[in-house]
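The following note sets out numbered remarks for a colleague who has the coordinates at hand.

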Amino acid sequence: MKFLRFFISLFLILLMFNIYKDEILQFDFSKFKFKNLLYLLFLMSLTVLITSSRYFFSFKSVGIFYPFNKTLNLGLSSNLMGQILPGGGMGGDIFKFILFSKLKVDKRLITKSILIDRGVPLFLALMISCLFIFSEDNYMYLLICFFGLLLIFYIFIIKLKIETVYLLISASHSFILIFLSSYIFYSILNNFGASITFYNCLIGYCFVFISKIIPSYGGWGVRETVSAVSFNLFGIDPSLAIICSIYFGLILALSSLILGIFYIDDIIKIVKK
């Protein structure tokens with residue numbers, strides 16, 4: 001499976017580069033200013049902190065009580081592991097699963113919390129991506145999609161016996177995360193002179209966000225391919241979308257490294273016990 005994820009990432013990166021090689025090589029990378037990099041790095045660090053703090057409420061929604069500061073440290077560390085290990089975010093999930101197994105937490109509860117932590121953001125991104133239908137003025141289909149997804153959401157709560165309050169707090173974290181990540185992508189696009197509204201960028205980014213379910217190495221390759229396709233729907237040149245996606249991935253990896261490197265050693269010690 002590790003080889004498959006690595007192969008998918010490598011194949012898609014090479015495919016995109018081969019298709020848009022001339023445009024990428026001729027691109028003026030000097031447009032991206034250093035001060036903008038620092039600003040976006042700050043914003044991306046906020047998304048990492050929001051993701052890490054969300055774990056606390058995802059855990060509480062299934063009855064796992066773990067101190068907030070330790071949960072935050074775990075989130076920062078697992079987020080870093082998700083960038084390093086094959087499988088993107090799944091590497092961080094495996095890291096969390098091992099840690100809580102060592103702490104004698106019921107494995108079924110661990111699995112539920114990970115499903116919530118991964119499933120709720122994807123569900124929200126799917127709902128937002130349905131807004132694309134507005135451009136076709138097909139409101140009836142939008143309402144069917146919206147209420148259908150809402151029904152699935154409530155069935156999900158009832159079946160897994162989840163505490164609604166903590167789930168909603170976790171979902172609000174995810175909602176802010178999606179908007180902030182979309183704004184970062186929007187800022188990178190604008191920095192390179194792209195003409196796109198934030199509304200359209202939000203929808204385009206949600207397609208990229210949903211692509212996280214595809215196996216890859218840290219999201220590389222998949223993110224660039226989906227960015228090229230989704231943002232092209234809004235008139236953005238695929239080569240520009242690919243370049244912006246690469247910048248987005250590099251900023252994410254750097255912010256994860258800066259925040260996670262301070263806590264990774266303590267968490268690894270617990271796992272090794």
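1. The protein contains twelve helices and zero strands. Along the sequence the pattern accordingly reads α-α-α-α-α-α-α-α-α-α-α-α. The model is a predicted one, and the remarks below should be read with that in mind.

2. Of the 273 residues of the protein, 50% count as buried. Among contacts with a separation of 6 or more, 74% are made by residues 24 or more positions apart.

3. The pairing of helix H3 (residues 34-60) with helix H8 (residues 164-191) may be taken up next. Their axes come within 9 Å and cross at roughly 165°. Angles over 145 degrees count as roughly antiparallel, and H3 and H8 are therefore roughly antiparallel to each other. The crossing in which H3 passes H8 is left-handed. By class, 15 nonpolar, eleven polar and two charged residues make up the contact of H3 with H8.

4. H8 also packs against H9, at an angle of about 110° and with the axes 9 Å apart. Since the range from 65 to 115 degrees counts as roughly perpendicular, this angle makes H8 roughly perpendicular to H9. The crossing of H8 and H9 is right-handed. On the H8 side the residues are Ile178, Phe179, Ser181, Ser182, Tyr183, Phe185, Tyr186 and Leu189, and they meet Phe198, Cys201, Leu202, Tyr205, Cys206 and Phe209 of H9. The contact of H8 with H9 divides into twelve nonpolar residues, two polar and no charged.

5. H9 has a further contact, with H10. The axes of H9 and H10 come within 8 Å and cross at roughly 145°, and H9 passes H10 in a right-handed crossing. From H9, Cys201, Gly204, Tyr205, Phe207 and Val208 take part, meeting Arg223, Val226, Ser227, Ser230 and Phe231 in H10. Six nonpolar, three polar and one charged residue form the contact of H9 with H10. Cys201 and Tyr205 of H9 are listed in the contact with H8 and also in the contact with H10.

6. Which residues have the most contacts inside the largest nonpolar core? They are Ile188, Leu189, Phe192 and Phe231, in a core of 63 residues. At least two residues of this core are supplied by each of helix H1 (2-19), H3, helix H4 (68-84), helix H6 (107-129), H8, helix H9 (198-210), helix H10 (222-232) and helix H11 (238-260). H11 gives the largest share, ten residues.

7. Leaving aside residues up to four places away in sequence, phenylalanine 192 touches Phe27, Asp28, Phe29, Lys31 and Phe32, together with Leu240, Ile243, Cys244 and Tyr247.

8. The last point concerns lysine 112, which is placed in helix H6. Is lysine 112 buried, exposed or partly exposed? Its relative accessibility is 24%, so lysine 112 counts as partly exposed; the cut-off for buried is under 20%. Lysine 112 and valine 62 are 50 residues apart in sequence, while their C-alpha atoms are 6.9 Å apart in space.

How values were computed: Residues are numbered from 1 along each chain as its sequence is written. This is a predicted model: local features need pLDDT of at least 70, side-chain atom pairs count only at pLDDT 80 or more; totals for chains, interfaces and linings use all residues. Side-chain values use heavy atoms; hydrogens and water are left out. Axes are lines fitted to C-alpha atoms, for helices over the stretch in contact, and angles run from 0 to 180 degrees between N-to-C directions. Helices (H or I, at least four residues) and strands (E, at least two) are DSSP runs, numbered from the N terminus. Angles under 35 degrees count as roughly parallel, over 145 as roughly antiparallel, 65 to 115 as roughly perpendicular and the rest as oblique. A crossing is left-handed if the near helix is turned anticlockwise from the far one by less than a right angle, and right-handed if clockwise. Ala, Val, Leu, Ile, Met, Phe, Trp, Tyr, Cys and Pro count as nonpolar, Asp, Glu, Lys and Arg as charged, and the others, Gly among them, as polar. A nonpolar core is a set of buried Ala, Val, Leu, Ile, Met, Phe, Trp, Tyr and Cys residues joined through side-chain atoms within 4.5 Å. Buried means under 20% relative accessible area, exposed over 50%, partly exposed in between (1.4 Å probe, protein chains only). Contact means heavy atoms within 4.5 Å.
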